[in-house]
Amino acid sequence: MADRDSAQWWEALRRHEFVVQGCADCGRLRFPSRAYCAGCRSRSWRWQAVEPLARIESWIVTRGHTVVMVRLEAAADCVLYGHWRQPRAPRPGEQVHVAYEDADDVTVIEWRPGNTLAGGRGWN
Amino acid sequence: MTKRLLGFRDRTAVAGVGYTAFSKNSGVSTLTLACEAVLAALADAGLTADDVDGLATHRVGDSAAPSLVGPALGLRAPAWYLDQFGGGSVSHSVLGQAALAVAAGLAETVVCYRAINARSEFRMGQAPNPSPEAQYQVPYGYAAPVQMYAMYARAHMLKYGTKAEHFGELAVAQRAYAVKNPRAMMRTPITLDDYLASRWIAEPLRLFDCCLETDGACALVVTTAERARDLRHPAVLISAAAWGGGESPLSSTDVTTTAAAELAPRLYAQAGLGPADIDVAELYDCFTYSVIVQLEDYGFCAKGDGGPFAAAGTLPVNTHGGFLSEGYVHGINHIAEAVSQLRGTAADRQVPGAQVALSTAQPGYVLPATSALILRRS
Ligand SMILES: [Zn+2]
(Lines give C-alpha, C1' and ligand atoms only; values in the text may rest on other atoms or scores of the structure.)
Protein backbone atom coordinates (compact mmCIF):
# COMPACT_ATOMS: atom_id res chain seq x y z
CA MET A 1 0.00 0.00 0.00
CA ALA A 2 2.68 2.51 1.04
CA ASP A 3 5.13 3.63 -1.65
CA ARG A 4 8.59 5.19 -1.56
CA ASP A 5 7.13 8.66 -1.07
CA SER A 6 4.69 7.71 1.65
CA ALA A 7 6.36 4.96 3.73
CA GLN A 8 7.51 7.34 6.47
CA TRP A 9 4.05 8.91 6.74
CA TRP A 10 2.52 5.51 7.37
CA GLU A 11 5.28 4.70 9.87
CA ALA A 12 4.49 7.93 11.76
CA LEU A 13 0.80 7.08 11.79
CA ARG A 14 1.73 3.66 13.19
CA ARG A 15 3.44 5.52 16.08
CA HIS A 16 0.27 7.65 16.48
CA GLU A 17 2.09 10.74 15.25
CA PHE A 18 0.14 13.03 12.98
CA VAL A 19 2.52 14.72 10.54
CA VAL A 20 2.53 16.25 7.09
CA GLN A 21 5.46 17.45 5.02
CA GLY A 22 6.53 21.07 5.42
CA CYS A 23 8.60 22.73 2.70
CA ALA A 24 11.99 23.75 4.13
CA ASP A 25 12.15 26.73 1.78
CA CYS A 26 8.68 28.27 1.64
CA GLY A 27 6.99 26.56 4.59
CA ARG A 28 4.06 25.24 2.62
CA LEU A 29 2.47 22.14 4.13
CA ARG A 30 1.60 19.25 1.87
CA PHE A 31 -0.23 15.96 1.85
CA PRO A 32 -0.12 13.34 0.31
CA SER A 33 3.62 12.72 0.66
CA ARG A 34 5.81 13.55 -2.32
CA ALA A 35 9.29 14.85 -3.05
CA TYR A 36 8.68 18.30 -4.50
CA CYS A 37 6.88 21.38 -3.20
CA ALA A 38 4.16 22.35 -5.70
CA GLY A 39 4.54 25.98 -4.57
CA CYS A 40 8.28 26.64 -4.97
CA ARG A 41 9.46 23.29 -6.46
CA SER A 42 11.98 22.85 -3.67
CA ARG A 43 12.97 19.31 -2.80
CA SER A 44 13.94 20.24 0.78
CA TRP A 45 11.33 19.31 3.35
CA ARG A 46 10.81 17.99 6.86
CA TRP A 47 8.10 16.11 8.66
CA GLN A 48 6.07 18.55 10.65
CA ALA A 49 3.66 17.70 13.45
CA VAL A 50 0.37 19.52 12.97
CA GLU A 51 -2.75 19.57 15.08
CA PRO A 52 -4.77 16.55 14.02
CA LEU A 53 -7.85 18.68 13.56
CA ALA A 54 -10.03 18.94 10.49
CA ARG A 55 -13.45 19.98 9.26
CA ILE A 56 -16.02 17.69 7.67
CA GLU A 57 -16.39 18.47 3.98
CA SER A 58 -18.48 15.50 2.82
CA TRP A 59 -19.34 11.89 3.52
CA ILE A 60 -20.89 8.85 1.92
CA VAL A 61 -22.71 5.84 3.25
CA THR A 62 -21.49 2.79 1.41
CA ARG A 63 -22.17 -0.87 2.20
CA GLY A 64 -23.60 0.20 5.54
CA HIS A 65 -20.68 2.27 6.78
CA THR A 66 -19.83 5.95 6.62
CA VAL A 67 -16.63 7.30 5.06
CA VAL A 68 -15.81 10.97 5.67
CA MET A 69 -13.75 13.41 3.65
CA VAL A 70 -12.14 16.13 5.76
CA ARG A 71 -9.99 19.19 5.23
CA LEU A 72 -7.11 19.84 7.65
CA GLU A 73 -7.44 23.00 9.69
CA ALA A 74 -3.66 23.51 9.43
CA ALA A 75 -3.66 23.43 5.60
CA ALA A 76 -6.70 24.07 3.45
CA ASP A 77 -5.31 22.12 0.51
CA CYS A 78 -4.83 18.89 2.46
CA VAL A 79 -7.78 16.52 2.10
CA LEU A 80 -7.95 13.25 4.03
CA TYR A 81 -10.41 10.41 4.36
CA GLY A 82 -11.31 8.21 7.27
CA HIS A 83 -13.81 6.08 9.11
CA TRP A 84 -16.81 7.58 10.90
CA ARG A 85 -18.06 5.36 13.69
CA GLN A 86 -20.52 7.63 15.52
CA PRO A 87 -24.17 6.60 15.86
CA ARG A 88 -25.19 9.86 14.17
CA ALA A 89 -24.38 11.31 10.74
CA PRO A 90 -21.55 13.83 10.45
CA ARG A 91 -22.47 17.50 10.25
CA PRO A 92 -21.16 19.68 7.45
CA GLY A 93 -18.25 21.81 8.61
CA GLU A 94 -18.04 20.26 12.06
CA GLN A 95 -14.65 19.99 13.70
CA VAL A 96 -13.18 16.52 14.03
CA HIS A 97 -9.99 15.05 15.41
CA VAL A 98 -7.90 11.99 14.68
CA ALA A 99 -8.30 8.75 16.55
CA TYR A 100 -5.81 6.05 15.60
CA GLU A 101 -7.17 2.66 14.67
CA ASP A 102 -4.57 -0.10 14.87
CA ALA A 103 -4.96 -3.16 12.71
CA ASP A 104 -2.45 -6.00 12.46
CA ASP A 105 -0.08 -4.37 10.03
CA VAL A 106 -1.30 -0.83 9.54
CA THR A 107 -2.79 2.08 11.46
CA VAL A 108 -5.64 4.01 9.90
CA ILE A 109 -7.68 7.06 10.89
CA GLU A 110 -11.06 7.39 12.50
CA TRP A 111 -12.33 10.95 12.63
CA ARG A 112 -14.19 11.78 15.84
CA PRO A 113 -16.28 14.85 16.66
CA GLY A 114 -14.74 17.84 18.43
CA ASN A 115 -11.33 18.76 19.73
CA THR A 116 -10.08 16.44 22.45
CA LEU A 117 -7.65 19.08 23.68
CA ALA A 118 -10.67 21.06 24.84
CA GLY A 119 -11.53 18.10 27.05
CA GLY A 120 -7.95 17.91 28.30
CA ARG A 121 -7.51 14.31 27.21
CA GLY A 122 -4.75 14.73 24.65
CA TRP A 123 -4.85 13.54 21.08
CA ASN A 124 -5.73 9.91 21.58
CA MET B 1 0.10 33.35 -21.43
CA THR B 2 -1.83 33.73 -24.65
CA LYS B 3 -1.05 30.99 -27.09
CA ARG B 4 -1.32 31.51 -30.82
CA LEU B 5 -3.33 28.82 -32.45
CA LEU B 6 -1.63 27.98 -35.69
CA GLY B 7 -4.26 26.71 -38.04
CA PHE B 8 -6.15 24.14 -35.99
CA ARG B 9 -9.69 25.50 -35.87
CA ASP B 10 -11.99 23.84 -38.43
CA ARG B 11 -9.07 22.31 -40.33
CA THR B 12 -10.22 18.75 -39.66
CA ALA B 13 -13.56 17.00 -39.56
CA VAL B 14 -15.37 13.88 -38.44
CA ALA B 15 -16.45 12.12 -41.61
CA GLY B 16 -17.66 8.75 -40.35
CA VAL B 17 -19.34 7.20 -37.33
CA GLY B 18 -19.58 3.49 -36.59
CA TYR B 19 -21.01 1.40 -33.80
CA THR B 20 -21.33 -2.18 -32.75
CA ALA B 21 -24.42 -3.23 -30.86
CA PHE B 22 -24.41 -2.29 -27.17
CA SER B 23 -25.11 -5.25 -24.91
CA LYS B 24 -24.35 -6.94 -21.60
CA ASN B 25 -22.42 -9.71 -23.28
CA SER B 26 -20.97 -9.23 -26.73
CA GLY B 27 -19.67 -12.79 -26.87
CA VAL B 28 -16.65 -11.59 -28.87
CA SER B 29 -13.21 -10.14 -28.15
CA THR B 30 -12.47 -6.44 -27.88
CA LEU B 31 -10.33 -6.89 -31.02
CA THR B 32 -13.42 -8.05 -32.89
CA LEU B 33 -15.48 -5.19 -31.48
CA ALA B 34 -12.80 -2.67 -32.47
CA CYS B 35 -12.55 -4.00 -36.03
CA GLU B 36 -16.32 -4.04 -36.43
CA ALA B 37 -16.70 -0.43 -35.26
CA VAL B 38 -13.76 0.79 -37.35
CA LEU B 39 -15.15 -0.85 -40.51
CA ALA B 40 -18.62 0.53 -39.77
CA ALA B 41 -17.22 4.07 -39.39
CA LEU B 42 -15.31 3.76 -42.66
CA ALA B 43 -18.40 2.47 -44.49
CA ASP B 44 -20.40 5.38 -43.07
CA ALA B 45 -17.80 7.77 -44.49
CA GLY B 46 -17.73 5.98 -47.86
CA LEU B 47 -14.13 4.83 -47.30
CA THR B 48 -12.38 1.49 -46.86
CA ALA B 49 -9.56 0.21 -44.67
CA ASP B 50 -7.21 0.89 -47.58
CA ASP B 51 -7.77 4.60 -47.03
CA VAL B 52 -6.68 4.51 -43.39
CA ASP B 53 -3.21 5.66 -42.35
CA GLY B 54 -3.80 6.17 -38.64
CA LEU B 55 -5.51 4.53 -35.67
CA ALA B 56 -6.07 5.95 -32.18
CA THR B 57 -7.57 4.68 -28.96
CA HIS B 58 -7.32 4.94 -25.19
CA ARG B 59 -7.25 1.99 -22.84
CA VAL B 60 -6.70 0.95 -19.26
CA GLY B 61 -5.29 -2.43 -20.17
CA ASP B 62 -8.74 -3.62 -21.14
CA SER B 63 -8.85 -3.55 -24.92
CA ALA B 64 -7.15 -4.05 -28.28
CA ALA B 65 -4.26 -1.70 -29.15
CA PRO B 66 -3.92 0.06 -32.51
CA SER B 67 -0.85 -2.08 -33.16
CA LEU B 68 -3.16 -5.11 -32.96
CA VAL B 69 -6.14 -3.64 -34.82
CA GLY B 70 -4.02 -2.29 -37.72
CA PRO B 71 -2.55 -5.62 -38.78
CA ALA B 72 -5.87 -7.36 -38.09
CA LEU B 73 -7.49 -5.11 -40.69
CA GLY B 74 -4.52 -5.36 -43.05
CA LEU B 75 -3.77 -1.64 -42.99
CA ARG B 76 -1.32 -0.96 -45.78
CA ALA B 77 0.07 2.34 -44.57
CA PRO B 78 -0.09 2.62 -40.79
CA ALA B 79 1.66 5.99 -40.52
CA TRP B 80 0.37 7.11 -37.12
CA TYR B 81 -0.80 5.23 -34.03
CA LEU B 82 -1.95 6.62 -30.71
CA ASP B 83 -2.37 4.24 -27.78
CA GLN B 84 -3.29 6.58 -24.93
CA PHE B 85 -3.26 5.24 -21.40
CA GLY B 86 -6.31 6.37 -19.52
CA GLY B 87 -10.01 6.19 -18.94
CA GLY B 88 -12.80 8.71 -19.19
CA SER B 89 -10.60 11.74 -18.58
CA VAL B 90 -8.79 11.28 -21.89
CA SER B 91 -11.66 10.06 -24.06
CA HIS B 92 -11.95 13.32 -25.98
CA SER B 93 -8.22 13.99 -26.22
CA VAL B 94 -7.90 10.95 -28.49
CA LEU B 95 -9.96 12.65 -31.18
CA GLY B 96 -8.16 15.93 -30.53
CA GLN B 97 -4.76 14.31 -30.99
CA ALA B 98 -5.93 12.57 -34.16
CA ALA B 99 -7.08 15.96 -35.45
CA LEU B 100 -3.66 17.43 -34.61
CA ALA B 101 -1.94 14.65 -36.57
CA VAL B 102 -4.20 15.25 -39.57
CA ALA B 103 -3.84 19.04 -39.36
CA ALA B 104 -0.06 18.63 -39.25
CA GLY B 105 -0.07 16.32 -42.25
CA LEU B 106 1.27 13.29 -40.40
CA ALA B 107 -1.75 11.30 -41.45
CA GLU B 108 -4.77 11.93 -43.62
CA THR B 109 -7.39 9.47 -42.41
CA VAL B 110 -7.31 8.45 -38.77
CA VAL B 111 -9.91 6.22 -37.16
CA CYS B 112 -10.43 6.73 -33.42
CA TYR B 113 -12.09 3.89 -31.57
CA ARG B 114 -12.89 2.58 -28.13
CA ALA B 115 -13.87 -1.07 -27.70
CA ILE B 116 -14.80 -2.55 -24.33
CA ASN B 117 -16.45 -5.56 -22.79
CA ALA B 118 -17.13 -3.52 -19.66
CA ARG B 119 -19.89 -5.85 -18.48
CA SER B 120 -18.73 -9.31 -19.46
CA GLU B 121 -14.93 -9.07 -19.21
CA PHE B 122 -13.22 -6.04 -17.64
CA ARG B 123 -15.60 -4.20 -15.34
CA MET B 124 -14.51 -0.67 -14.44
CA GLY B 125 -13.07 -0.30 -10.98
CA GLN B 126 -12.01 -3.94 -10.76
CA ALA B 127 -8.47 -3.31 -11.92
CA PRO B 128 -6.18 -1.96 -9.19
CA ASN B 129 -6.16 1.84 -9.08
CA PRO B 130 -2.64 2.80 -10.21
CA SER B 131 -2.73 6.22 -8.51
CA PRO B 132 -0.60 6.63 -5.37
CA GLU B 133 -3.53 8.52 -3.88
CA ALA B 134 -5.48 5.27 -3.63
CA GLN B 135 -3.48 4.26 -0.54
CA TYR B 136 -5.15 7.04 1.47
CA GLN B 137 -8.63 5.96 0.35
CA VAL B 138 -8.73 2.19 0.01
CA PRO B 139 -8.26 1.41 3.76
CA TYR B 140 -11.63 3.05 4.41
CA GLY B 141 -13.47 1.09 1.75
CA TYR B 142 -13.34 4.11 -0.53
CA ALA B 143 -12.15 3.01 -3.96
CA ALA B 144 -14.90 2.83 -6.57
CA PRO B 145 -15.70 5.76 -8.88
CA VAL B 146 -19.30 5.79 -7.62
CA GLN B 147 -18.06 6.34 -4.08
CA MET B 148 -15.87 9.24 -5.18
CA TYR B 149 -18.66 10.85 -7.15
CA ALA B 150 -21.02 10.37 -4.22
CA MET B 151 -18.54 12.21 -1.98
CA TYR B 152 -18.29 15.16 -4.37
CA ALA B 153 -22.02 15.17 -5.04
CA ARG B 154 -22.69 15.51 -1.31
CA ALA B 155 -20.11 18.31 -1.02
CA HIS B 156 -21.99 20.15 -3.79
CA MET B 157 -25.35 19.51 -2.13
CA LEU B 158 -24.05 20.85 1.19
CA LYS B 159 -22.43 23.92 -0.32
CA TYR B 160 -25.06 24.94 -2.87
CA GLY B 161 -28.29 23.25 -1.83
CA THR B 162 -28.34 20.90 -4.82
CA LYS B 163 -31.14 18.39 -4.31
CA ALA B 164 -31.78 14.75 -5.11
CA GLU B 165 -34.65 15.94 -7.30
CA HIS B 166 -32.17 17.83 -9.51
CA PHE B 167 -30.21 14.64 -10.11
CA GLY B 168 -33.48 12.83 -10.65
CA GLU B 169 -34.89 15.21 -13.27
CA LEU B 170 -31.67 14.83 -15.24
CA ALA B 171 -31.85 11.03 -15.12
CA VAL B 172 -35.51 11.16 -16.21
CA ALA B 173 -34.71 13.51 -19.12
CA GLN B 174 -31.84 11.36 -20.35
CA ARG B 175 -34.03 8.28 -20.21
CA ALA B 176 -36.67 10.08 -22.26
CA TYR B 177 -34.05 10.65 -24.96
CA ALA B 178 -32.99 6.99 -24.79
CA VAL B 179 -36.57 5.89 -25.38
CA LYS B 180 -36.19 7.55 -28.81
CA ASN B 181 -32.78 5.99 -29.49
CA PRO B 182 -32.90 2.49 -31.05
CA ARG B 183 -29.28 1.87 -29.98
CA ALA B 184 -29.95 2.58 -26.30
CA MET B 185 -29.80 -0.24 -23.74
CA MET B 186 -32.48 1.27 -21.47
CA ARG B 187 -35.65 2.26 -23.31
CA THR B 188 -38.36 2.10 -20.64
CA PRO B 189 -39.38 5.57 -19.43
CA ILE B 190 -38.78 6.43 -15.77
CA THR B 191 -40.37 9.05 -13.53
CA LEU B 192 -38.97 11.17 -10.74
CA ASP B 193 -40.72 8.82 -8.28
CA ASP B 194 -38.94 5.85 -9.88
CA TYR B 195 -35.68 7.71 -9.43
CA LEU B 196 -36.34 8.53 -5.78
CA ALA B 197 -37.38 4.92 -5.11
CA SER B 198 -34.25 3.43 -6.68
CA ARG B 199 -31.79 1.86 -4.25
CA TRP B 200 -28.70 3.51 -2.81
CA ILE B 201 -25.44 2.56 -4.49
CA ALA B 202 -23.31 4.93 -2.41
CA GLU B 203 -25.47 7.42 -0.57
CA PRO B 204 -26.28 10.12 -1.78
CA LEU B 205 -26.15 8.42 -5.21
CA ARG B 206 -28.84 5.95 -6.28
CA LEU B 207 -29.03 3.29 -8.96
CA PHE B 208 -30.48 5.74 -11.50
CA ASP B 209 -27.59 8.15 -10.89
CA CYS B 210 -25.19 5.57 -12.28
CA CYS B 211 -23.96 4.70 -15.75
CA LEU B 212 -24.61 1.33 -17.33
CA GLU B 213 -21.94 -1.29 -17.87
CA THR B 214 -21.70 -2.04 -21.56
CA ASP B 215 -20.06 -4.36 -24.03
CA GLY B 216 -19.61 -2.44 -27.26
CA ALA B 217 -17.48 -0.25 -29.46
CA CYS B 218 -17.71 2.98 -31.35
CA ALA B 219 -15.39 4.54 -33.95
CA LEU B 220 -14.99 7.92 -35.65
CA VAL B 221 -13.16 8.80 -38.88
CA VAL B 222 -11.08 11.99 -38.74
CA THR B 223 -9.80 13.55 -41.94
CA THR B 224 -9.13 16.98 -43.41
CA ALA B 225 -12.07 19.35 -43.74
CA GLU B 226 -11.50 19.53 -47.51
CA ARG B 227 -11.65 15.79 -47.92
CA ALA B 228 -14.63 15.44 -45.61
CA ARG B 229 -16.64 17.79 -47.84
CA ASP B 230 -16.23 15.30 -50.70
CA LEU B 231 -17.50 12.36 -48.65
CA ARG B 232 -21.00 11.05 -47.99
CA HIS B 233 -22.22 13.17 -45.09
CA PRO B 234 -22.20 16.87 -44.25
CA ALA B 235 -18.75 17.54 -42.78
CA VAL B 236 -18.70 18.02 -39.02
CA LEU B 237 -15.75 20.30 -38.30
CA ILE B 238 -13.51 19.99 -35.26
CA SER B 239 -13.51 23.61 -34.12
CA ALA B 240 -11.67 23.10 -30.85
CA ALA B 241 -10.01 20.34 -28.88
CA ALA B 242 -8.49 20.84 -25.45
CA TRP B 243 -7.20 18.65 -22.67
CA GLY B 244 -5.30 18.87 -19.41
CA GLY B 245 -5.98 21.04 -16.42
CA GLY B 246 -6.98 20.20 -12.93
CA GLU B 247 -5.87 19.78 -9.34
CA SER B 248 -5.54 16.57 -7.39
CA PRO B 249 -8.77 15.96 -5.48
CA LEU B 250 -6.60 15.45 -2.39
CA SER B 251 -5.06 18.91 -2.78
CA SER B 252 -7.99 20.88 -4.14
CA THR B 253 -9.25 23.78 -2.07
CA ASP B 254 -12.69 23.46 -3.69
CA VAL B 255 -13.88 19.99 -4.63
CA THR B 256 -17.05 21.39 -6.19
CA THR B 257 -15.07 22.83 -9.11
CA THR B 258 -13.37 20.55 -11.65
CA ALA B 259 -10.58 20.64 -14.22
CA ALA B 260 -13.27 21.64 -16.72
CA ALA B 261 -13.35 25.14 -15.22
CA GLU B 262 -9.70 25.62 -16.17
CA LEU B 263 -10.11 24.01 -19.57
CA ALA B 264 -13.33 25.67 -20.72
CA PRO B 265 -11.92 29.16 -21.50
CA ARG B 266 -9.13 27.60 -23.59
CA LEU B 267 -11.63 25.45 -25.44
CA TYR B 268 -14.04 28.30 -26.19
CA ALA B 269 -11.18 30.60 -27.25
CA GLN B 270 -9.94 27.99 -29.73
CA ALA B 271 -13.37 27.82 -31.33
CA GLY B 272 -14.02 31.57 -31.11
CA LEU B 273 -17.31 30.66 -29.44
CA GLY B 274 -18.89 30.71 -26.00
CA PRO B 275 -21.46 28.76 -24.04
CA ALA B 276 -24.31 30.74 -25.57
CA ASP B 277 -23.33 29.35 -29.00
CA ILE B 278 -23.72 25.71 -27.94
CA ASP B 279 -26.92 24.15 -29.31
CA VAL B 280 -26.47 20.69 -27.83
CA ALA B 281 -24.14 19.32 -25.13
CA GLU B 282 -23.06 15.70 -24.82
CA LEU B 283 -21.45 15.69 -21.36
CA TYR B 284 -19.64 12.83 -19.67
CA ASP B 285 -22.18 11.29 -17.33
CA CYS B 286 -20.56 8.46 -15.42
CA PHE B 287 -22.95 9.73 -12.73
CA THR B 288 -25.62 12.44 -12.79
CA TYR B 289 -23.54 14.78 -10.66
CA SER B 290 -20.84 14.85 -13.33
CA VAL B 291 -23.27 16.62 -15.70
CA ILE B 292 -24.39 19.10 -13.07
CA VAL B 293 -20.87 20.26 -12.19
CA GLN B 294 -19.94 20.50 -15.87
CA LEU B 295 -22.95 22.69 -16.68
CA GLU B 296 -21.40 25.13 -14.20
CA ASP B 297 -17.76 24.69 -15.17
CA TYR B 298 -18.48 25.06 -18.91
CA GLY B 299 -20.28 28.31 -18.18
CA PHE B 300 -23.92 27.47 -18.92
CA CYS B 301 -25.00 28.70 -15.49
CA ALA B 302 -23.47 30.24 -12.38
CA LYS B 303 -21.44 28.15 -9.93
CA GLY B 304 -23.86 26.32 -7.70
CA ASP B 305 -26.84 26.60 -10.07
CA GLY B 306 -26.11 23.39 -11.99
CA GLY B 307 -28.82 21.41 -10.21
CA PRO B 308 -31.75 23.72 -10.97
CA PHE B 309 -30.34 24.40 -14.45
CA ALA B 310 -30.17 20.69 -15.27
CA ALA B 311 -33.63 20.07 -13.87
CA ALA B 312 -35.11 22.90 -15.96
CA GLY B 313 -33.86 21.20 -19.13
CA THR B 314 -33.36 24.36 -21.17
CA LEU B 315 -30.16 23.08 -22.80
CA PRO B 316 -30.43 19.76 -24.68
CA VAL B 317 -28.02 17.48 -22.83
CA ASN B 318 -27.07 13.87 -23.62
CA THR B 319 -29.57 13.44 -26.41
CA HIS B 320 -28.59 9.78 -26.90
CA GLY B 321 -29.44 8.99 -23.29
CA GLY B 322 -25.81 9.17 -22.21
CA PHE B 323 -24.00 6.56 -20.18
CA LEU B 324 -27.03 6.48 -17.90
CA SER B 325 -29.36 5.10 -20.56
CA GLU B 326 -27.73 4.59 -23.97
CA GLY B 327 -24.60 2.72 -22.93
CA TYR B 328 -21.13 3.21 -21.58
CA VAL B 329 -18.45 3.36 -24.25
CA HIS B 330 -16.20 5.56 -22.17
CA GLY B 331 -16.90 8.89 -23.90
CA ILE B 332 -16.66 8.22 -27.63
CA ASN B 333 -20.39 7.57 -27.93
CA HIS B 334 -20.95 11.14 -26.72
CA ILE B 335 -18.84 12.47 -29.59
CA ALA B 336 -20.67 10.19 -32.03
CA GLU B 337 -24.02 11.55 -30.86
CA ALA B 338 -22.79 15.11 -31.31
CA VAL B 339 -21.87 14.23 -34.91
CA SER B 340 -25.34 12.77 -35.54
CA GLN B 341 -26.99 15.90 -34.14
CA LEU B 342 -24.87 18.19 -36.32
CA ARG B 343 -25.52 16.09 -39.42
CA GLY B 344 -29.22 16.36 -38.63
CA THR B 345 -29.61 12.57 -38.63
CA ALA B 346 -30.66 12.04 -35.00
CA ALA B 347 -34.24 11.25 -36.06
CA ASP B 348 -36.81 11.50 -33.24
CA ARG B 349 -34.31 12.99 -30.83
CA GLN B 350 -32.92 15.59 -33.25
CA VAL B 351 -32.37 19.06 -31.76
CA PRO B 352 -33.84 21.31 -34.48
CA GLY B 353 -31.22 23.33 -36.32
CA ALA B 354 -28.28 22.19 -34.19
CA GLN B 355 -25.14 23.88 -35.55
CA VAL B 356 -22.63 23.72 -32.69
CA ALA B 357 -22.04 20.95 -30.13
CA LEU B 358 -19.92 20.58 -27.02
CA SER B 359 -18.80 17.15 -25.95
CA THR B 360 -16.74 16.41 -22.87
CA ALA B 361 -14.77 13.79 -20.96
CA GLN B 362 -14.75 12.86 -17.27
CA PRO B 363 -14.31 16.30 -15.70
CA GLY B 364 -11.31 15.56 -13.51
CA TYR B 365 -12.37 13.88 -10.29
CA VAL B 366 -11.09 10.34 -10.61
CA LEU B 367 -7.97 11.63 -12.33
CA PRO B 368 -7.16 15.36 -12.22
CA ALA B 369 -7.44 16.12 -15.93
CA THR B 370 -10.14 16.33 -18.56
CA SER B 371 -10.64 16.79 -22.30
CA ALA B 372 -13.34 18.26 -24.52
CA LEU B 373 -14.32 19.14 -28.09
CA ILE B 374 -16.39 21.73 -29.87
CA LEU B 375 -17.78 20.49 -33.17
CA ARG B 376 -19.83 22.42 -35.73
CA ARG B 377 -21.68 21.78 -38.92
CA SER B 378 -19.76 22.90 -42.00
ZN1 LIG C 1 8.05 25.35 -1.08
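Arg71(A) counts as buried, at 10% relative accessibility, where buried denotes under 20% relative accessible area, exposed over 50% and partly exposed the range in between, computed with a 1.4 Å probe on protein chains only. In this predicted model, local features need pLDDT of at least 70 and side-chain atom pairs count only at pLDDT 80 or more, whereas totals for chains, interfaces and linings use all residues. Side-chain values use heavy atoms, with hydrogens and water left out; residues are numbered from 1 along each chain as its sequence is written, and chains are lettered from A and ligands numbered from 1 in the order in which they are written.

Arg71(A) forms a salt bridge with Glu57(A), with 2.9 Å between the closest N and O atoms. The pair links distant parts of the chain, Arg71(A) being in strand E5 and Glu57(A) in strand E4 of chain A, 14 residues apart. Strands (E, at least two residues) and helices (H or I, at least four) are DSSP runs numbered from the N terminus. A salt bridge requires a side-chain nitrogen of Lys or Arg within 4 Å of a carboxyl oxygen of Asp or Glu. Glu57(A) is partly exposed, at 22% relative accessibility.

A salt bridge also joins Arg55(A) and Glu73(A), the closest N and O atoms being 2.5 Å apart. Here too distant parts of the chain are linked: Arg55(A) belongs to strand E4 (residues 53-62) of chain A, and Glu73(A) to the loop between strand E5 (65-72) and strand E6 (79-84), 18 residues apart. Both partners are partly exposed, Arg55(A) with a relative accessible area of 39% and Glu73(A) with 36%.

In chain B, Arg376(B) forms a salt bridge with Asp10(B), at 2.7 Å between the closest N and O atoms. Arg376(B) lies in strand E11 (residues 370-377) and Asp10(B) in the segment before strand E1 (12-19) of chain B, so the pair ties together parts 366 residues apart in sequence. Arg376(B) is partly exposed, with a relative accessible area of 28%, while Asp10(B) counts as buried at 17% relative accessibility.

A network of salt bridges links Arg183(B), Glu326(B), Glu337(B) and Arg349(B). Over all chains, the count comes to 24 salt bridges.

An unreviewed UniProt entry places the feature "domain: Thiolase C-terminal" at residues 252-375 of chain B; UniProt positions follow the numbering used here, feature names are shortened, and annotations may be inferred rather than shown by experiment. Over residues 252-375, chain B is 37% helix and 11% strand, and the end C-alpha atoms are 31 Å apart.
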